[in-house]
Amino acid sequence: MAARANCAWSRCSRLYATVNEPILFGIPIVLNPVYAVPFLLAPLLQILSAWAATLAGWLPITIQPVNWTMPVFLSGYVATGSNAGKSCSFSISFSVWRSICLS
């Protein structure tokens with residue numbers, strides 16, 4: 001029973017530490033033309049919106065680099081000292097994936 005609990009805990013920790021290979025190859029997103037569009041479009045729109053919002057002064061400027069192994073929920077705060085962009089970034093990604101996958 002303890003082994004199963006450890007296995008479940010290790011799966012959760014991989015999701016928070018940006019290890020996405022089980023998702024990429026398990027769903028499968030890789031080599032799937034339907035999922036390729038939101039997989040490429042969502043990060044592009046997130047980067048462009050964050051860049052525009054930073055230039056407009058709506059988001060704080062990045063004050064320090066963040067290691068790629070930083071957990072997803074902490075990386076924005078560590079980089080900028082604020083959680084201002086998380087909800088906007090999530091809503092953009094959610095709307096892109098929802099519009100493509102549910103249509």
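Searching the whole structure turns up two aromatic pairs (Phe, Tyr and Trp rings, six-membered for Trp, with centres within 6.5 Å; planes under 30 degrees apart are stacked, over 60 edge-to-face, the rest tilted). This is a predicted model, where local features need pLDDT of at least 70 and side-chain atom pairs pLDDT 80 or more, while totals for chains, interfaces and linings use all residues. Residues are numbered from 1 along each chain as its sequence is written, and side-chain values use heavy atoms, leaving out hydrogens and water.

**Tyr35 and Trp97**
- The ring centres of Tyr35 and Trp97 sit 6.0 Å apart with planes at 45°, so this pair is tilted.
- Tyr35 is in helix H3 and Trp97 in helix H5 (residues 86-101), so the pair ties together parts 62 residues apart in sequence (helices are DSSP runs of H or I, at least four residues, numbered from the N terminus).
- Tyr35 is partly exposed at 25% relative accessible area, and Trp97 is partly exposed at 24% (buried is under 20%, exposed over 50%, partly exposed in between, with a 1.4 Å probe and protein chains only).

**Phe90 and Phe94**
- Phe90 and Phe94 make a stacked pair, 6.1 Å centre to centre with 20° between the planes.
- They're four residues apart in helix H5, so about one helical turn separates them.
- Phe90 is exposed at 58%, whereas Phe94 is partly exposed at 48%.

**Trp51**
- Trp51 belongs to helix H3 (residues 33-56).
- With 56% relative accessibility, Trp51 counts as exposed.

Note on methods: Helices (H or I, at least four residues) and strands (E, at least two) are DSSP runs, numbered from the N terminus.
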